[in-house]
Amino acid sequence: MTERQKYEELQTMINYHMNRYYNEDAPEISDFEYDRMMLSLKEIEASHPDWVTPESPTQKIGGSAKREAGVAVAHHVPMLSIQDVFTREEVVSWVNEVLRLHPDARFCVEEKIDGLSMSLRYQDGRLILAETRGDGLTGEDVTQNAMVIPDVVKQIGLPGYLELRGEVYMSHQDFERFNGEQEAVGKRRAANPRNLAAGTLRQLDAGVVKKRGLRMFVFNVQDAYDNGMDLMHSHAEALDLLREKGVAAVTHTLCSSPEEVLAAIDAVGESRGELGHDIDGAVVKIDQIAYRADFPAGSKYSAGHIAYKYPPEEKEVVIDQIEVNVGRTGKMTFRAIFKEPVRLCGTNVQKATLHNADFIQKMGVSEGCSAICRKQGEIIPAIVRVTKKTGRPYEAPTSCPVCGSTLIREEDTSDIYCENPSCPAQLLRTLAYFAGKDAMDIKNFGSKYMESLVERGYIKNIPDIYRLHEHRDEMIEQGILGKEKNTDRILSSIEASKQNDPDRLLTGFAIRNVGRISARQIMKQYHSLWDLSKAQVEELVQLPDVGEITARAIRVFFDDPRHTEMLRQLEEMGVRVSTADDSAQTGISTEDSQPLKGLTIVVTGTLEQFGRKEIEELIGKNGGRCTGSVSKRTSFLVAGENAGSKLDKARSLGVPVISEQELLHMCGQKVSRYE
């Protein structure tokens, strides 16, 4: 087969698997296999750039095209912040200061969109680069992701060079849709649209960006030349022209006096409840761009701008009910349900957090009382004070509202818990966490499958996961896990998870305060989970990163006979509960031989064999400490492809730089883990 034939065959294969993954949601190969194919295609294209066409999988947006992480871009124009003001008096003072020097000055008042900044560079009408704000001087290339944002104009009818700055955001509708999808599969809800938009824009896969839905408002012309027109004279005129060209430019009001500016700010504030997106203030800009340089606000802020931040919006509500729910760890959560919904910061709100039972009693909250609700940080609805008490103090429940088990209060805290691990309210979340990436990492075993298996009675507890093979034919017949191929794939993943290190099993038990990192540290000190089950609080608190609360939680967990019976069943079914012979099985050193002990290591770039979490896990198991930034105390930098600024810093500080293979050699892993 010639190289050209190999190239064309690779394109065909990748296009097929792209369609299976992105359009049919039914992948047939692992991410690793897919990435290796894509890497081979890129290597051929690097040798034969004349073969590359817009139809190549490496060039497609919203499909297989994946950008490289952390590709830095130096800004052509610094992307600075805007100085905040918090009172109307400060606004008037600033406007009058401008008018004293320039009596003909005009001012644009605009919504301050609550999102993240992105600049777009155009050359001869074509979008050539999109970049995040970063530190204001250097950002990150997100061009491929910007291409799938509907508001980003790819071709603009203006010649020469043009650079626009705007705000990428997520609408309330798309945010609620995303959270609804998360809840449907038992995953965590996003905290707010701004954070979700930021995380989405930096995704490596443009397909994810397209699916989630991002929007953008342009709010500034950063630079323009050779356009045949003056876009750097009047800010308002430039925005109006951009609107004519199809750009989603931010709405603006042109003002000439302090009174008009305040009125425009009030109008923006009054519209907050009707907008389809979040704002966190109003921006006031000098319209004549040439005047702005006369009003600098320091190196951090853009000259000639201020941002007025509105006080938190509050509404009075009548609390109809205090709702008690059970979280994944068994912790009781409390919410106030309002008699009627209220409009806060653009969304309808009928529920608010009440933190815990002590908070409720201290605030005097009870069913039927009137209270003030505010969105904390304009995000999470919360009760901030009671305006009319009922005189009937709230009494916290003493038994689980779902399973009826007795509730216990964790010592020295305000939290109360249901300690029944089989509580239906906890079961699905517990199973999803147990099978998740940070715990037993059972591939392809999603929450939808678990929910179906729980509903049909196949899974009532964690050990039942490892009994599913007994029901293979029934599950295939009912289509619970899909057809035969997918069912066998999931059952194989479940079987493979039995060989996981015991610290993953400990993580999967979801003991309070015992996460992935702490579980790994704990299991360095014990031969097996049975040994850990016998450890007393006084012994446990001597371990690194284990405080008294965590030690008590471990002790409470293993004191429950239901948990020790679960451990016994898992061991009988072949799940590893002991660390014995780890080095022989995996080639990874145990505590008796830790070649990286005492070393601080930073990993950067794209590695060939390992993902970021996996390489950090390898370093930890071999005694090393993995950190995110390079300093004089860094022992080694492990550099992969596209290492970026961390590599430059390591060289400037004289920090030794090693390859992935050199690290594996140090750890005693001389062959690829995929062979």
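1. A salt bridge is taken here as a side-chain nitrogen of Lys or Arg within 4 Å of a carboxyl oxygen of Asp or Glu. By that criterion R568 and E565 are joined through their side chains, at 2.4 Å from N to O. The two residues lie three apart in helix α20, so about one helical turn separates them; helices (H or I, at least four residues) and strands (E, at least two) are DSSP runs, numbered from the N terminus. R568 is partly exposed, with a relative accessible area of 31%, and E565 also counts as partly exposed at 31%, where buried means under 20% relative accessible area, exposed over 50% and partly exposed in between (1.4 Å probe, protein chains only).

2. On provenance, this is a predicted model, in which local features need pLDDT of at least 70 and side-chain atom pairs count only at pLDDT 80 or more, while totals for chains, interfaces and linings use all residues. Residues are numbered from 1 along each chain as its sequence is written, and side-chain values use heavy atoms, with hydrogens and water left out.

3. The protein has 24 helices and 22 strands, and 50% of its 675 residues count as buried. With contact defined as heavy atoms within 4.5 Å, 67% of the contacts between residues at least 6 apart in sequence join residues at least 24 apart.

4. A search of the whole structure finds 29 salt bridges. One of them joins the side chains of D501 and R576 at 3.2 Å, N to O. This pair links distant parts of the chain, 75 residues apart, with D501 in the loop between α14 (484-496) and α15 and R576 in the loop between α20 and α21 (582-586); both residues are buried. In another pair, D464 and R467 meet at 2.6 Å, N to O, where D464 is buried at 12% relative accessible area and R467 is partly exposed at 23%.

5. R292, in the loop between β10 and β11 (305-308), deserves a separate remark. Not counting residues up to four places away in sequence, R292 touches N220, H235, K285, I286, D287, A303, G304 and H305.

6. Strand β7 (residues 161-169) has nine of its nine residues buried, so it is largely enclosed by the rest of the structure. Y161, E163, R165, E167 and Y169 point one way from the strand, whereas L162, L164, G166 and V168 point the other way. Strands are said to pair if DSSP finds at least two bridges between them. Strand β4 (residues 116-123) runs antiparallel to β7 and is joined to it by eight bridges, with S119 opposite R165; strand β8 (residues 215-225) pairs with β7 in the antiparallel sense over nine bridges, with G166 opposite V218.

7. Helix α19 (residues 548-559) has twelve residues that should span 16 Å at 1.5 Å a residue, and its end C-alpha atoms are 16 Å apart, which agrees; the expected span is 1.5 Å times one less than the number of residues. Its buried residues, including F557 and F558, pack against α16 (516-523), α17 (529-534), α18 (537-540) and α20 (561-572).
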